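Please keep the structure in view while reading.

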Amino acid sequence: MQENGHSSLKGKVAVITGAGSGIGAAIAEKLSQLGAASVLCGRTESKLAATAKTISSNGGKADGQVCDLKDLRSVEALAAHVEKTYGKLDILVNNAGVGTFGGPLHAMPPEEWDSVMNTNLRGVYYCIRSFAPLMIRTGGGDIVNISSLAGKNALPNGAAYAASKWGLNGLSYSVAEELRANNIRVSVICPGSTNTDLGPHAGKNANKMLQPGDVAHVLIMLVTQASQSFASEVLLRPTQKP
Ligand SMILES: NC(=O)c1ccc[n+]([C@@H]2O[C@H](COP(=O)([O-])OP(=O)(O)OC[C@H]3O[C@@H](n4cnc5c(N)ncnc54)[C@H](OP(=O)(O)O)[C@@H]3O)[C@@H](O)[C@H]2O)c1
């Protein structure tokens with residue numbers, strides 16, 4: 001049995017999708033502070049470079065890799081890079097996501113539906129498809145999916161986003177059962193309003209919202225659990241309604 005607590009992540013390798021901004025950047029920074037080598041994934045090279053610069057200026061290891069999660073070949077290339085460079089993957093954080101919150105579902109153009117579903121749901125499938133075999137071969141690890149309280153509740157004018165996150169929760173619970181015998185914990189974090197550029201935040205008080213670091217704090221709790229312990233889902237709310 002392994003002791004729990006905030007043990008160092010030295011020697012661990014993590015992939016964080018959507019690491020160029022917001023919650024993903026905060027997660028990559030916290031993982032790196034604890035010693036993990038962080039592979040940063042996103043579509044915009046300059047954003048990944050900014051996160052990598054913050055990490056390396058604090059003495060951490062970061063490796064920015066441009067990757068579009070909507071493209072299976074792009075995700076497979078990322079997995080091949082990770083296997084070749086590091087030989088293993090300990091922590092996969094499926095964080096990247098998009099959303100539109102401009103109106104009712106019946107007024108949403110089909111391209112917008114595709115973009116939300118193909119990023120938030122299909123992209124996670126592509127990552128699990130591409131990385132789980134390596135994790136299984138190298139002894140297991142953690143897959144943490146960043147969902148939303150919109151995956152637990154109704155979200156008028158954000159129906160596609162809510163549907164993608166409800167879907168992500170179902171995917172997470174099911175894949176958790178598929179992979180637990182392989183020593184892989186698949187968990188899901190459902191944050192409420194978080195102070196980033198994404199989300200229906202008009203009229204909300206940013207100071208009362210969750211901050212990206214609050215989500216990163218929960219992720220660190222999950223990946224530093226003792227090996228026999230598996231917290232599979234966290235609902236994370238701002239203390240005061242923003
Ligand atoms: N903010 C909130 O209130 C809130 C609440 C609950 C849950 N969440 C969830 O938290 C996660 C992170 O969101 P955030 O709030 O931190 O927003 P954010 O700053 O917009 O971060 C999303 C990241 O995903 C990346 N991304 C988008 N599409 C991608 C693709 N096809 N391939 C690779 N990367 C892609 C974006 O970078 P590029 O555009 O450069 O690719 C961006 O860095 C999302 O899953 C979101 O649903 C957010």
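## Terms and basis

A crossing of two helices is left-handed if the near helix is turned anticlockwise from the far one by less than a right angle, and right-handed if clockwise. Helices (H or I, at least four residues) and strands (E, at least two) are DSSP runs, numbered from the N terminus.

The model is predicted: local features need pLDDT of at least 70, side-chain atom pairs count only at pLDDT 80 or more, and totals for chains, interfaces and linings use all residues. Residues are numbered from 1 along each chain as its sequence is written, and side-chain values use heavy atoms, leaving out hydrogens and water.

## Overall build

The protein has seven helices and seven strands. From the N terminus on, their order is β-α-β-α-β-α-β-α-α-β-α-β-α-β.

The C-alpha trace spans about 50 × 40 × 35 Å along its principal axes. Of the 242 residues, 48% count as buried, that is, under 20% relative accessible area with a 1.4 Å probe, protein chains only.

## Helix 1 and helix 7

Two packed helices are described by the angle between their axes and the distance between the axes. The axes of helix 1 (residues 22-33) and helix 7 (residues 212-223) come within 8 Å and cross at roughly 50°. The crossing of helix 1 and helix 7 is right-handed.

Definitions and conventions: Axes are lines fitted to C-alpha atoms, for helices over the stretch in contact, and angles run from 0 to 180 degrees between N-to-C directions. Buried means under 20% relative accessible area, exposed over 50%, partly exposed in between (1.4 Å probe, protein chains only).
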